[in-house]
Amino acid sequence: MANFEPRTFRTVLGQFCTGITIITTVDEDVPVGFACQSFAALSLDPPLVLFCPTKGSRSWAAIERSGKFAVNVLGEEQQDTCARFGSREPDKFAGVEWSPSELGSPILAGSLAHIDCTVERVLDGGDHYIAIGRVHSLGEITGERPLLFYRGQYTGIEPDKTVPAPWRDDLEAFLTASSPDTWL
């Protein structure tokens with residue numbers, strides 16, 4: 001049993017800056033989506049990603065039924081979109097411009113990138129599920145800055161820093177290494 005309060009856990013984990021995504025699908029001809037910070041790349045070969053919806057999420061239930069989803073990576077100008085999709089608003093798509101992905105999931109206008117997936121596997125993750133998706137297609141907009149979340153609030157990168165740091169090649173090699181090192 002953990003010897004710390006849930007609020008302490010949340011505060012400590014808030015020290016980790018995350019990007020913000022909107023996970024979307026179409027269920028019974030109705031677009032569905034939710035704001036999600038718990039998104040990550042999982043595998044290059046095969047191309048897999050993961051996200052972690054709460055077990056009681058109605059949006060997750062719709063994604064599971066449809067068997068497909070799109071990940072929309074938000075740009076810094078999309079705080080209102082994030083707030084809308086993070087709310088209990090019954091029609092989160094009202095007034096939101098979108099187009100269907102190759103698999104039919106909503107791609108939100110202005111998103112920095114989208115990742116079109118099918119549900120590959122679902123694992124138990126405590127009060128969340130770990131949803132693994134197989135990537136089928138991708139798209140991106142270059143030159144924009146991401147919307148980030150840090151210490152319980154929106155943040156961004158410095159205005160003049162729109163490209164990765166000079167050591168990007170070293171970081172890229174580290175993040176995509178396929179070596180026998182088990183500590184990676």
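## Starting inside: Thr-24

Is Thr-24 buried or exposed? Thr-24 is buried, because its relative accessible area is 0%, and the cut-off for buried is under 20%. Bear in mind that this is a predicted model. Thr-24 sits in strand S2, and its side chain gets to the backbone oxygen of Pro-106 at 2.6 Å.

Leaving aside residues up to four places away in sequence, the contacts of Thr-24 include Val-32 and Gly-33, then Lys-68, Phe-69, Ala-70 and Asn-72. Phe-93, Ser-105 and Pro-106 complete that list.

With a relative accessible area of 0%, Thr-25 counts as buried. What does the side chain of Thr-25 make a polar contact with? The partner is the side chain of Ser-66, at 2.6 Å.

## The whole chain

Zooming out, the chain has four helices and 12 strands. Of its 184 residues, 30% are buried. Take the contacts with a separation of 6 or more: 60% of them are between residues 24 or more positions apart.

## Helix H2, the buried side

Helix H2 covers residues 58-66, and its buried residues are Ser-59, Trp-60, Ala-62 and Ile-63. Why do these line one face of the helix? Looking down the axis of H2, the buried residues fall within an arc of 160 degrees, so one face is what they line. The background is simple helix geometry: an α-helix has 3.6 residues a turn, so residues three or four places apart point the same way.

Which strands does that buried set pack against? The list is S2 (21-27), S3 (30-36), S5 (48-51), S6 (68-73), S9 (113-125) and S10 (128-140).

## Helix H2, the other side and the ends

Turned away from the buried side, the opposite face of H2 carries the exposed residues Arg-58 and Arg-65. Arg-65 counts as exposed because its relative accessible area is 54%, and the cut-off is over 50%. Its side chain still has a polar partner: a contact of 2.5 Å joins it to the side chain of Asp-27. Arg-65 and Thr-25 are 40 residues apart along the chain, with 9.7 Å between their C-alpha atoms.

At the N-terminal end, Ser-57 caps H2, with a side-chain oxygen 3.3 Å from the backbone nitrogen of Ser-59. After the helix comes Gly-67, which has a positive phi, near 80 degrees.

As a general point, nonpolar side chains tend to be buried together in soluble globular proteins.

Not counting residues up to four places away in sequence, Ile-63 touches Ile-23, Thr-25, Phe-34 and Phe-51, plus Lys-68, Phe-69 and Val-119.

## The second largest pocket

How many residues line the second largest pocket? The lining has 49 residues, with Ala-35, Cys-36, Gln-37, Thr-54 and His-128 nearest the centre. The volume of this pocket is about 1800 Å³.

S3 gives the largest share of the lining, seven residues. The elements supplying at least two residues each are helix H1 (6-13), S3, strand S4 (39-43), H2, helix H3 (79-85) and strand S11 (148-150).

## Cys-52 in its loop

Cys-52 belongs to the loop between S5 and H2. Which residues does Cys-52 touch, not counting residues up to four places away in sequence? They are Cys-36, Ser-38, His-128, Tyr-129 and Ile-130. Cys-36 and His-128 also turned up among the residues nearest the centre of the second largest pocket. Cys-52 and Val-122 are 70 residues apart in sequence, and their C-alpha atoms are 9.5 Å apart in space.

Notes
Residues are numbered from 1 along each chain as its sequence is written. Side-chain values use heavy atoms; hydrogens and water are left out. Buried means under 20% relative accessible area, exposed over 50%, partly exposed in between (1.4 Å probe, protein chains only). The arc is that of the directions from the helix axis to the C-beta atoms. Contact means heavy atoms within 4.5 Å. A polar contact is a pair of N or O atoms within 3.5 Å; within protein, one must be able to donate a hydrogen and the other to accept it, and residues adjacent in sequence count only if both atoms are side-chain atoms. On a 1 Å grid over the protein atoms alone, a cavity is a set of points where a 1.4 Å probe fits but cannot get out, and a pocket is an open set with protein on both sides within 12 Å along at least five of seven lines; lining residues have an atom within 4 Å of a point. Grid points are joined across faces, edges and corners, and a volume is the space filled by probe spheres set on the points.
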